[in-house]
Each structure stands twice: as C-alpha cells, then as structure tokens.
Amino acid sequence: MESAGRARDRVPRIDPYGFERPEDFDYAAYEEFFSTYLVILTRRAIKWSKLLKGSGRVQRSGTVKRYIRKGVPLEHRARVWMGVSGAQAQMDQNPGYYQRLLQGERRDRLEEAIRTDMNRTFPDNIRFRKSADPCLQKTLYNVLLAYGRHNQGVGYCQGMNFVAGYLILVTKSEEEAFWLLDALVGRILPDYYSPAMLGLKTDQEVLGELVRTKLPAVAALMDGHGVLWTLVVSRWFICLFVDILPVETVLRIWDCLFNEGSKIIFRVALTLIKQHQAFILEASSVADICERFKEITRGSFVTECHTFMQHASTVIAARVSVLSAILH
C-alpha cells in the first residue's frame, strides 16, 4: 500500500492529454510500466528526429512504416499523421478552404446535432470543460461543423466527436484536425459514418468471419447465444477505440491507422479476443458475454501499449479475402 501511495504522489492525476485518471487507477502498475516505456520513447524520439531532419513532408516508405509500428513520439505525431495520410497534401492544395467552410451557409439540423453532443464529449478531460481557457469545445464544434458542410453526405454522426476530439488534442490545430478527420472519414474508413453505415456494418461482419476462422470456439459461443458482433464491438469500430482503450494505446493504434489503413482495427480486435479467449468462453449468458467484452479492454495488457502493439502486429487479418467471401 505504501508503494502505491508513493506512486500516486509521483504520477500526475491529470494525464498529458488533459484526462483525469479514474478513481480505481492503478498508479503503481502504471509507474512500473511507464518507467520502462520512457526508455523506449526516448530511444524512438532520437531516431525520429534524425529521420525527420529538415522540413519536408513525411511520406510513406518501408522505413517510415517500421518506425510507425514502433510508435511515433507525441511531438512528431501531428506531422507524421498529416504526411502519411495525405491530409497535408490536401491542406496545401486547398488554402483557405477550412475558413471558407466555417463561414458557409447555416444548416440548423447539423448545428443542433453537433451542439447536442458537446457536453457529452470527454467530460473527464479538463481541456473540454466550459471552465477551461481556452475551452476546446469551441474548437471541436468548428471542426465538426466544417466537416459537416464539407461532406454533406455524412454531415455529423455520433462517434465523430470523439475522433475529432483526439485529433485536436494531438494536433493542437483546428485546420489540421479537420483535414485528418477528412482523411479518416473520406478515405481510410469510407462509409463508416454515412447514414447507412455500410462500411461499418461490413467490417463488423468481416471481424465475425475472422473470429470464425481463427478463434472458432468464440464464434460458436456467440452463435450459441445469438449475439451479433455489432452488440459487442460497434463502439470499437465507430469510436476507433477512443474511450475504450487507454489514450496512449489508442494513439499507437492510430499511428498505424493513418499509415496502413483499417487492417489495424481488425488486428487490435483479434488481439483482444485471442488474449482473453478463455475468459470470454466462461460466459454463460448474453449479458455475461457483453460484460466480458468490456472487461477485456481494461488492465495491464492494454495499458502496456508497446507490448500490446507488438502482439497486434503479429496478427494476420486478411480482410480482403474474407470480404470477398462475404460479398460473393
């Protein structure tokens, strides 16, 4: 207990992104993990600084892919995401476009839908509170409003607020957050956030088929209780693990998402299910299954982001062949 108390004194109650640590936060375990991870971060930061020397745009390459899989230091994250996702190119080709969107024609339904979700977005983050100066709620509102005007086929969909919120925390730039949101919603995850959500539904089916192939006992449990995958994993997909996994782990996942696309979502989902297969298989009811799928997103396995991502990178998620089987 004494060491836990000392750890609580040493580890800040607010994390580097402005989130309050929960009441049951394991300070001692986190300190033990972070002391090791800090060494890795420092080593990676030196390598990234050498790689990014000069002011050129970050472009995809074998070296960049390898570096990204091992983690992007926070100070370089915005630049790397902007480069590999194509968002920087779009922003450079469209000067002044974001500001013009903010001054665009009013759409009451869009504005009301966004405004309704403002107070529900990260109530545990001090930077999004109305008392904060500056308050990021206004920044978030602007990014979502501009995107809704830019992509009227999508407009605004619940879940986009959490995604845009993380983009703002990382980039500290409204315009960069907008273009990264465009990269995700428009190109990397097409039809995830459209009214019919066809991309989202298809990818949840793909995950179900991947589990059937790789972890048949879990698939049999789900089938036996009549549990649809959307019931247990829809928030994983639509929020891209925001508010589900620890912040640093989510950002490590997004490092790969911006560079390699949606296959990382399947790899992470399969890693979680595979690691906790025995625990999941003990479930005896629909409610029990749902609760266990929440439980597997907590604890040291997901907090230790570096080891977790090493596990995820070894999982082969052959989405294309599964998708082909579903569609034909």
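This is a predicted model: local features need pLDDT of at least 70, side-chain atom pairs count only at pLDDT 80 or more; totals for chains, interfaces and linings use all residues.
The largest pocket itself holds about 1400 Å³ of space. Of the 47 residues that line this pocket, those closest to its centre are Ile244, Leu245, Pro246, Val247 and Thr303. If you follow the chain in your view, the elements that each give two or more residues to this lining are helix 2, at 27-51, helix 4, at 74-85, helix 13, at 229-238, helix 14, at 247-260, helix 17, at 286-295, and helix 18, at 300-303. Which of these gives the most to the lining? That is helix 2, which contributes seven residues.

Let me move on to the second largest pocket, where about 210 Å³ of space lies. Its lining consists of Lys201, Gln204, Glu205, Gly208, Glu209, Arg212, Met222, Asp223, Val227, Leu228, Trp229 and Thr230. The elements that supply two or more residues here are helix 11, at 198-214, helix 12, at 216-224, and helix 13, and it is helix 11 that gives the most, with six residues. By class, this second lining has four nonpolar, three polar and five charged residues.

To close, I would point you to helix 13, which is listed among the elements giving two or more residues to the lining of the largest pocket and is also listed for the second largest pocket.

Methods: Residues are numbered from 1 along each chain as its sequence is written. Side-chain values use heavy atoms; hydrogens and water are left out. On a 1 Å grid over the protein atoms alone, a cavity is a set of points where a 1.4 Å probe fits but cannot get out, and a pocket is an open set with protein on both sides within 12 Å along at least five of seven lines; lining residues have an atom within 4 Å of a point. Grid points are joined across faces, edges and corners, and a volume is the space filled by probe spheres set on the points. Helices (H or I, at least four residues) and strands (E, at least two) are DSSP runs, numbered from the N terminus. Ala, Val, Leu, Ile, Met, Phe, Trp, Tyr, Cys and Pro count as nonpolar, Asp, Glu, Lys and Arg as charged, and the others, Gly among them, as polar.
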